[in-house]
Amino acid sequence: MIGAGWAGLAAALELAERADVCLFEAGRAPGGRARRLGHGDSRLDNGQHILIGAYAECLRLMRKAGADPERLLLRQPMQWRREGGLSMRCPALPAPLHLLFGLLAARGLSWRAKWQLARALQHLKRAGYRLAEDCSVDAWLEAQRQGEEAWREFWRPLVLSALNTPTANASMRVLAAVLRDSLGAERAASDLLLPRVDLSALFPEPACDWLGRRGATLRFGRRVETLASRDGRAWVDGEAFDAAILATAPYHAVALLDDAALRKQAAGYRYWPICTVYLQYAKPLALPAAMCAVSGGAADWLFDRGALTGETGLLAAVLSAPAPERLADVDALAARVAADVARLRPDLPPPLSRRAIVERRATFASEQGLARPTAKTSLQCVYLAGDWVCPDYPATLEGAVRSGVSAAAAVMQDLRIEQ
Ligand SMILES: Cc1cc2nc3c(=O)[nH]c(=O)nc-3n(C[C@H](O)[C@H](O)[C@H](O)COP(=O)(O)OP(=O)(O)OC[C@H]3O[C@@H](n4cnc5c(N)ncnc54)[C@H](O)[C@@H]3O)c2cc1C
């Protein structure tokens, strides 16, 4: 296994009971793009993450690793709290009534916009969440006659948080797949699952503990330099294995894999950053909800880490797919986030400290018509995993985990290991 992000760990968990697993990770700790940074008091996640009830494979493998989702994730019915804009909460009714009643009772949205939203979602449902041809989200919204208000308050924040890609280029097919598995499925699938612990404690560390107990070899701080297929075996830095799963981001995979077709495919991938601004206050934040936003504010979403993880007074503000100019002056950005917080909690004193973490290639852009590779490569015994390999999902934890599960299944099938 090359790469101990969520994809590589998922593949390792699937294989370790049936085969000897050796895991190579360039970094000193597992988790890849979803992990804790720093030590002691200066520990922060590399970026605030959210999961949803539809992340079935993430939840299954968390349980397998002994990380109890009920304890480690705060489960909330699908809700939307945008101060000065759309606020809604889906009641505990069976799907799709939960969404219908949630929309009907929503505040901060005109009846006209509510009707437009309900009509578009119903259209998608009737089509089985399938599109004959992919198009951009904006093109689809225009065809569905969605007005500016529905775009600003619902579609734009939804697409940015789910796909981390601006609506002008985002793939409607990928968005439809996310909606199919969340709003289009049973009610619990659209629940928000907010981490109550840091990202490393959520899955990567329990997964590594579990792997260690099953005798897997974990090699951290080991960047693999060469990967080849010869004599029916996979060679990792000159060491022979029955199979190798390359579970890295595309730009790292093509550096290792001598595969012209894959290189061409990976060249079609573009990336968007995510910026998380952390503000530390002296007092508990007590925001209107653990996850909320200010309509038209500097950040897409604000997270009250005190309410979630017990980090009293800590705010995490997320900016998805920000244009480069928005990141030019992160101090000014942090000041604007603080001004938004002051609108929600005018009684709070200014923050004591601020820190912005910018992940430059946080996710691939889920653009229309993006071709995905499969788990099997052109090299015998070498397989691919990683969020970008999952067929119809955006760059997410669930996409990463699903890809790892698929790669492990392909290995077991080819090596005739009983599943
Ligand atoms: C700031 C931020 C916020 C996000 N928010 C969300 C969210 O709210 N919800 C959600 O579902 N998803 C979110 N995502 C996306 C999610 O984190 C990723 O899709 C997922 O973590 C990708 O996992 P992966 O295993 O495919 O890849 P990675 O995490 O990139 O793992 C690849 C691993 O391979 C290692 N590696 C690379 N080259 C080598 C080599 N040569 N030898 C050995 N090891 C190597 C790397 O060090 C890395 O650990 C977010 C991402 C970021 C960055």
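Trainee: In S8, which residue is the bridge partner of Leu51?

Mentor: Keep in mind that this is a predicted model. S4 spans 51-52, and S4 pairs with strand S8, residues 192-195, in the antiparallel sense over two bridges. The partner of Leu51 in S8 is Leu193.

Trainee: In what order do the three strands of the open sheet run?

Mentor: Start from the edges. Strand S4 (51-52) and strand S5 (73-76) each pair on one side only. The pairing is antiparallel, and the order is S4-S8-S5.

Trainee: How many cavities of 30 Å³ or more does the structure hold, and what volume has the largest cavity?

Mentor: The structure holds one cavity of 30 Å³ or more. The volume of the largest cavity is about 40 Å³.

Trainee: Which element supplies the largest share of the lining of the largest cavity?

Mentor: Helix H2 (56-64), helix H3 (69-72) and S5 each supply at least two lining residues. The lining includes Leu73, Leu74 and Arg75, and S5 spans 73-76. The largest share, three residues, comes from S5.

Trainee: Which residue of the lining is also the bridge partner of Leu51?

Mentor: Among the lining residues are Leu59, Arg63, Pro69, Glu70 and Leu193. In S8, Leu51 has as its bridge partner Leu193.

Trainee: By class, how many residues of the lining are nonpolar, polar and charged?

Mentor: Arg63, Glu70 and Arg75 are among the lining residues, and Arg and Glu count as charged. Leu and Pro count as nonpolar. By class, the lining has five nonpolar, no polar and three charged residues.

Technical notes:
Residues are numbered from 1 along each chain as its sequence is written. This is a predicted model: local features need pLDDT of at least 70, side-chain atom pairs count only at pLDDT 80 or more; totals for chains, interfaces and linings use all residues. Side-chain values use heavy atoms; hydrogens and water are left out. Two strands pair if DSSP finds at least two bridges between them. Helices (H or I, at least four residues) and strands (E, at least two) are DSSP runs, numbered from the N terminus. On a 1 Å grid over the protein atoms alone, a cavity is a set of points where a 1.4 Å probe fits but cannot get out, and a pocket is an open set with protein on both sides within 12 Å along at least five of seven lines; lining residues have an atom within 4 Å of a point. Grid points are joined across faces, edges and corners, and a volume is the space filled by probe spheres set on the points.
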